[in-house]
Amino acid sequence: MPEYKVQVTTGSMLTAGTYDYIYATLIGAEGDGALYSERTLLDNFGPDFVPGTASKNYDLNTVIKESLGELLLLKLEKEQRFYLPEKKWFCSEIVVKTPEGEDAFFPCYRWISRGEPVVLRGGKGLWLKRNVFFFLGIVSLLFSTFLLKTTFEYLCLLILCNRPLVMFEIKKRILVTDDKFHIPIYPPPDYVDGHWDEDDFFGYQFLNGMNPNVIQKCDELPKNFPVKDDMVKSSLPEGSSLEEQIKEGNIFLCDQKILDGIPGRNYSGECLKMTAALCLFYMNSEKKLKPIAIQLYQEASEENPIFLPGDKTDWQLAKMFVKNGDTIQHEAIYHLLGTHFLAESFAVATLRNFPAIHPLYKLLIPHFRFTMSINTLARTALLGKEGAFSKVREMTYRSLCLPENISDRKLESVPNFYYRDDGLKLWEIIKSFVKEVVEHYYTGPNDVKEDEELQDWIKEIRIGSAQEKCPSSFEKVEDVVKFITMIIFTLTAQHAAVNNGQADFILFVPNAPFLMRKSPPSTKGQSDKNTIFETLPTVGQTAEFGFLAAVLSQKYSDVLLGKNPKERFQEQEVKTMIVRFQKGLSKLSSEIDERNATLKPPYTYLNPSQIENSIAI
């Protein structure tokens, strides 16, 4: 009878091994039917399933004298040995040597319990019409309850363990020396500490800070933002007008209208007002972006003055309110909603519609690692019925695709925009890799249209995301390539851009206050330094939020973009594509390091060496 050699690799985690009985059955395809091997106990002399080791070969025989043909499935069953208690087993992968001398790879990477048969599909990427697999009745799941639970507990433990380390320097007061504010609770980056109150650093952060998605070129002033030439003439070249500078492409706008109407929090019995500011910027001859006018509410009125750089303390306070709104907008919309919750919708649709053998499942699944767990941590009352999540309808497919995002905001030629420069290079590297992989599997003119699982997948994502311009179906390979590129970019690079700089920009609270304890001024000339101290968060509040920012900015995954310890593709051609992808990322990383060597402050958030392969925190 034909003989199959089976090698089993157990996970490297300390508790991954098991002493239970493990049985295996191979399932192959011959014509329209299925062929089975004998149900075989995997048992060699000595320990069999030791953490981090590959077993010696086990022999499986077929129940017939013929080969099983193309191997499609491998069924694993776990049963109790003697009276020993249950101990789950983490199976990493299985390699089967066929009688024809070929290796069939079956990725597993999951915990297996007694009485729960697990059916694995081969590692060779394959998309097929559903009726090919219908008779097998197989449904594969990625995340076991155990994995979600342990990941959740692990992150909680990390947070608790880090808390004493980041809070040990809490002081009782705010210090003021040489007209500089110092809150010595956490050590902020030197550059932020020394430049936070400068107008050009304020402008720099809207290009390269933690929220680089809100500024856009201003083609005309909004009617509700009546800035006049005499207001800003000291900020513009002598003899120039605002209209002239708009025509020359030097005027930019940040409009926080998305925050308009959101109720503020209650503080000390007072309902604080949520600002929804408009901030006008000018790109000067030194290629520095500076704010030149701020209006803190959307409706112009005498009680809502336009603050200007000459307004001294009022100007500093107005900038703080702008950064307060920007911090809230960043955390709730561009960070939590724009990466975390989008990733969850992609992950659920992938698990529900793609079988594990599907090439797009194999391509996407590494980018969902730990995402469901961290989202469970984040899912609180942050986003209520009228909160930021209700703004999802304002998020478009184009805004998630970086080239269109930059083009729509007319920021293609803005100097010193490192988020754009590094991001577009990353987009192209990811797109090139995705294009190679997708075209490897979809070779016929109608392959995309006829992939029912792919069509159901995009249909569910569109319904789940409520994005008006999200495609509802795919017609061409290039449409699939663009959408997959967007997903991988969002879950890796975009998340890094809005997540990894939180500690850098938030730890020094006056630079990006998360809470303002007083409403903004309604008239000019009534504020002083004491007003600022009374408006900023207390030391205790600063400590709490600083702790959170410090924790969120750390790495919690050892898997960077382009790396994946779980090998899922069997084809050598795709493995070669992955190596090429990794080389492209490494080259970009070197280029960014070289640029940053002479850059103050350096922009590191889109360096591939700093980007995790999934949203893990």
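This is a predicted model: local features need pLDDT of at least 70, side-chain atom pairs count only at pLDDT 80 or more; totals for chains, interfaces and linings use all residues.
**Exercise 1.** Find out which parts of the chain are tied together by the salt bridge between E77 and R39.

*Solution.* 
- Start with the contact: the closest N and O atoms of E77 and R39 are 2.8 Å apart. The cut-off for a salt bridge is 4 Å, so the pair qualifies.
- Next, place each partner. E77 sits in strand β6 (residues 70-79), while R39 belongs to the loop between β3 (33-36) and β4 (40-41), so the bridge joins parts that are 38 residues apart in sequence.
- Finally, look at the surroundings. E77 has a relative accessible area of 16% and is buried, whereas R39, with 41%, is partly exposed.

**Exercise 2.** Work out how E439 and K435 are placed relative to each other in helix α12.

*Solution.* 
- Check the contact first: their side chains form a salt bridge, with 3.0 Å from N to O.
- Now count along the helix. In α12 (residues 418-441), E439 and K435 are four residues apart, which means about one helical turn separates them.
- Both ends can then be described: E439 is partly exposed at 36%, and K435 is partly exposed at 40%.

**Exercise 3.** Decide which loops are linked by E86 and R114, then name the network they belong to.

*Solution.* 
- The two side chains meet in a salt bridge of 3.6 Å, N to O.
- E86 lies in the loop between β6 and β7 (89-97), and R114 in the loop between β8 (103-112) and β9 (118-121), so the pair connects parts 28 residues apart in sequence.
- E86 is partly exposed, with 38% relative accessibility.
- To finish, widen the view: D20, K78, E86 and R114 form a network of salt bridges. The model has 25 salt bridges in total.

Technical notes: Residues are numbered from 1 along each chain as its sequence is written. Side-chain values use heavy atoms; hydrogens and water are left out. Helices (H or I, at least four residues) and strands (E, at least two) are DSSP runs, numbered from the N terminus. Buried means under 20% relative accessible area, exposed over 50%, partly exposed in between (1.4 Å probe, protein chains only).
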